[in-house]
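The sequence and structure are shown first.

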Amino acid sequence: MQLFCVKPKVHMLDTFAEFAEEFALNKNDLLLTETILYDTFAKPLNLPCRVILKDTYDRGEPNEQTVDGILRDIKDWEINRIIAMGGGSVIDIGKVITVRNAYPIRDVMCGRTDACPDKALAILPTTCGTGSEVTFGGIITMRDTGLKTAIMDERLTAQHAVLIPELIAGLPFNTFIYCSMDALGHSMESFVSAARGNELARAVGARSVSLILDGYAEMILHGPDYRQNLLRNFIIASCLAGMAVNNGGAGPVHALAYPLGENYKMSHGESIYQFLCPVFRLYQREAGGSALEEVLDMAEKPLRKCGLFTARKEIFTQLEAMFNRVLPLRSLGEAGMKPEDVEPFANSILATKQRLLVASYVPFTREMAVEIYRERL
Ligand SMILES: [Fe+2]
């Protein structure tokens with residue numbers, strides 16, 4: 001049984017300029033990014049590489065039309081290496097366009113074209129949440145079904161994950177916190193996963209949890225702008241969380257989050273924030289046990305640091321108070337959810353998200369889903 005795998009080499013550099021020099025960007029490189037990132041970091045360097053700006057095709061999440069449009073535009077270019085600099089959307093597109101003869105992408109997604117890459121890939125994440133610089137596969141929304149469709153193939157893994165703190169310096173505060181909540185969700189859920197949790201995933205996940213929670217304590221003590229001193233810690237924590245979830249798997253927090261994104265366009269990170277503490281509070285009430293005790297250990301020190309620790313049996317309520325001191329959370333009602341949505345959402349995740357629910361620390365029931373949705377209304 002395979003316990004742990006990380007394919008990319010992970011690099012840390014202070015600036016994009018250092019990256020461009022160290023990786024000797026040339027005319028056979030394709031820089032795939034967004035206009036704002038290109039203008040800020042790449043344009044001043046007058047680089048010899050080709051450039052594709054994803055937002056000039058579509059501003060949303062990756063879809064079939066955007067990927068095909070990009071593939072049509074680059075078809076006559078001789079590309080040896082793709083540099084994907086951006087958030088989850090740019091990274092997912094970067095992964096799928098490494099495939100040889102990828103046009104039309106529909107054929108790759110449904111297996112008619114073998115997902116064999118003929119280009120190298122370097123990923124430069126510009127958020128501190130998904131960890132997708134170290135995961136394989138991506139998600140593309142298909143035109144005919146409108147469904148987000150995953151392609152999971154280990155060959156679609158970057159050769160290099162390049163962590164550059166200056167790339168996350170400009171993230172708005174809310175986005176920064178929501179992204180890091182997603183990373184925290186990856187680390188905490190994989191840490192206690194009943195399905196795939198293992199010591200190697202827990203080793204990297206634990207460090208990620210400590211870095212993020214300590215960062216929140218520091219922001220409570222010194223204010224939101226203090227995050228600029230913590231960029232290195234957060235981009236590393238996000239990468240570690242990506243390794244943890246890739247090897248240990250996510251769980252019910254992610255399952256509960258999906259209907260919020262699909263129905264109310266709530267960001268993935270905010271919807272993880274909604275359910276992280278309620279789910280872990282339920283775990284503590286229903287089970288306890290050694291893995292959960294270790295999570296309590298990780299939370300206690302940062303809670304003490306910012307003066308919010310009272311008792312271990314209250315720790316997930318205190319953690320929620322801590323998160324709300326960093327960034328207050330709106331209720332699901334404020335986001336548009338109605339009491340009559342609770343039962344259909346619970347039914348839907350029980351029917352379609354068993355892959356995540358089986359990883360629950362305690363057997364996860366429909367009643368638990370209903371209870372947690374009601375609690376957050
Ligand atoms: Fe996530």
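## A loop residue

Asp118 sits in the loop that runs between helix H5 (105-109) and strand E5 (120-125). The model is a predicted one.

Asp118 has 11 other C-beta atoms within 10 Å. Residues with 12 or fewer count as exposed, so Asp118 is exposed. Thr98 is 20 residues away from Asp118 in sequence, and the two are 6.2 Å apart in space, C-alpha to C-alpha.

## Helices H6 and H8

Two packed helices are described by the angle between their axes and the distance between the axes. Helix H6 (residues 173-191) packs with helix H8 (residues 231-248) at an angle of about 40°, and their axes are 8 Å apart. That angle makes H6 oblique to H8. The crossing of H6 past H8 is left-handed.

On the H6 side, the contact involves Ser180, Ala183, His186, Ser187, Ser190 and Phe191. These meet Phe234, Ala237, Ser238, Ala241, Gly242, Ala244, Val245 and Gly248 in H8. By type, the residues of the contact of H6 with H8 are seven nonpolar, seven polar and no charged.

## Helices H13 and H15

For helix H13 (residues 342-352) and helix H15 (residues 366-376), the packing angle is about 135° and the axes lie 9 Å apart. H13 and H15 are therefore oblique to each other. H13 passes H15 in a crossing that is right-handed.

H13 contributes Val342, Glu343, Phe345, Ala346, Ile349 and Leu350 to the contact, and H15 contributes Arg366, Ala369, Val370, Tyr373 and Arg374. The residues of this contact of H13 with H15 comprise eight nonpolar, no polar and three charged.

Definitions and conventions. Residues numbered from 1 in each chain as written. Predicted model: local features only at pLDDT ≥ 70, side-chain atom pairs only at ≥ 80, totals over all residues. Helix = DSSP H or I, 4+ residues; strand = E, 2+ residues; numbered from the N terminus. Buried ≥ 20, exposed ≤ 12 C-beta atoms within 10 Å, placed from the backbone. Axes fitted to C-alpha atoms, helices over the stretch in contact; angles between N-to-C directions. Parallel < 35°, antiparallel > 145°, perpendicular 65-115°, else oblique. Left-handed = near helix turned anticlockwise from the far one by under 90°. Contact = placed C-beta atoms within 7 Å. Nonpolar A, V, L, I, M, F, W, Y, C, P; charged D, E, K, R; others polar.
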